[in-house]
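Please open the structure in your viewer and keep the selection tool at hand. The tour below goes from one selection to the next.

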Amino acid sequence: MGPNGNRNSKLTEPNLIKPCPVNLWHCPRGSISTLKNSSEIFEFPKWHKLCLLPVYQDWQHMQSKGCFFLEEDGEIISHQYRMQIAQRSMVYLTIKPLNLSQVEGKPSPWLSVDTAMYILKENESQANLQLVCFTELRNREVFGWTGELGPGIYWLIPSTTGCRLRKKIKPVTDEAQLVYRDETGELFLTKEFKSTLSDIFEVIDLDGNGLLSLEEYNFFELRTSGEKCDEDAWAVCRENFDTKRNELTRQGFMDLNLMEANDREGDPCDLWVTLHSMGYNKALELTEACPFVIDIYAEKCKPKIKAVHMEACSGQLEKAICKSVLSNGDAKVMDGYENIIVHTYSCDTWITSVIENKSDEKVIIHINNELSKNCINNRGLNIFAVEVGPKSTMVCQHVMPLNERQEWIYYCIYSLIS
């Protein structure tokens, strides 16, 4: 089960055997937080603030963009990256939502989506990845990490909890117009659609050079059509649309979409498929995606970064989150069940709980968050159950404040189901 989990059915109290002592997380606005249970009180240090110091500006810098996409089943996928460090160096990495708004004082609405990044070192093969760190420092919407890295290949796996990037319940009734014909019958893209395409271009231009390479374009193609553009098709594209240095320009990208509309004689059906795949609703609002930008600074060498996959936020990410929580969180054994341990990682931004099952049999754990206040979790349910396989760990839930400016209380009861 991935970090976002499946939404399980609500279970009733008679099915419970014995509740685990309550975990209470109380977070007054802007202050230190406290985790309590029936027998102990844990004091957690304040969330370390990310320093945005000018010293890093003198280091060698690389940047790449990417995007989280919300699937129909609620799963989140994103770009994943390989980073090469040529020699041992101090490194400074950050990830943050990408602001596409051109209006001063009116930032893009998805800036409230939480972002994080897990850094794993490749040892001999891609299958053997070792968790190094994750971006646990924060300054507003920027999350980062700084420290020394040895030479080698590293995987950068972006993550978002799914607490704020989630399906919108409110339907959109008015559909934006994408194309129109002038008095001669010639087809054109509307101003609104051209603005949206320009934003999409900004997101899929991963290296930010103002052009689309074949590799960048293929991430877009895989997302919107499930297919790749081969070298021959790309050569035809370069012959028919505006390119520069064998890469597609912004205007070429616009014309490519206009050609698609003309091929359908003005029917915008295929254009809407593209827009929905990129996270847009019928009002051309980006509601089911969150573009982000990664910055890497290295003191002694020029880092290299390349997007290599667009995959679900599970698998390696799930393992990385579990390992991180087990290493940095607090562990509590469920009363009467010494082989079931709840690990909780807590900061003033979010809480992640991981369930570890050391027994030889699978277990089903009932989770009740009904007494929490001003909280939202990635599963969208206050009461749910999770199945944990034998000798395994899994992410139970991520929890965040619904309103960061107000006090929030995390109050959770874990129980084993018969």
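Which residues lie nearest the centre of the largest cavity? Select Y118, T161, W350, T352 and H398, which lie nearest that centre among the 15 residues of the lining. A cavity here is a set of points, on a 1 Å grid over the protein atoms alone, where a 1.4 Å probe fits but cannot get out, and lining residues have an atom within 4 Å of a point.

This is a predicted model, in which local features need pLDDT of at least 70 and side-chain atom pairs count only at pLDDT 80 or more, while totals for chains, interfaces and linings use all residues. Residues are numbered from 1 along each chain as its sequence is written, and side-chain values use heavy atoms, with hydrogens and water left out.

Next, colour β8 (116-123) and α6 (316-328), each of which supplies at least two residues of this lining; the largest share, three residues, comes from α6. Helices (H or I, at least four residues) and strands (E, at least two) are DSSP runs, numbered from the N terminus.

Then select domain 1 (49-167 + 289-312) and domain 3 (329-416): both give residues to the lining of the largest cavity, so this cavity lies between them. These bounds come from an automatic or database domain assignment. The space in the largest cavity is about 120 Å³, a volume being the space filled by probe spheres set on the points, which are joined across faces, edges and corners.

Finally, select C67, I200, V203, M278, Y280 and L286, which line the second largest cavity, where about 30 Å³ of space lies.

Note on methods:
1 Å grid on protein atoms, 1.4 Å probe; cavity = no way out; pocket = protein on both sides within 12 Å on 5 of 7 lines; lining within 4 Å.
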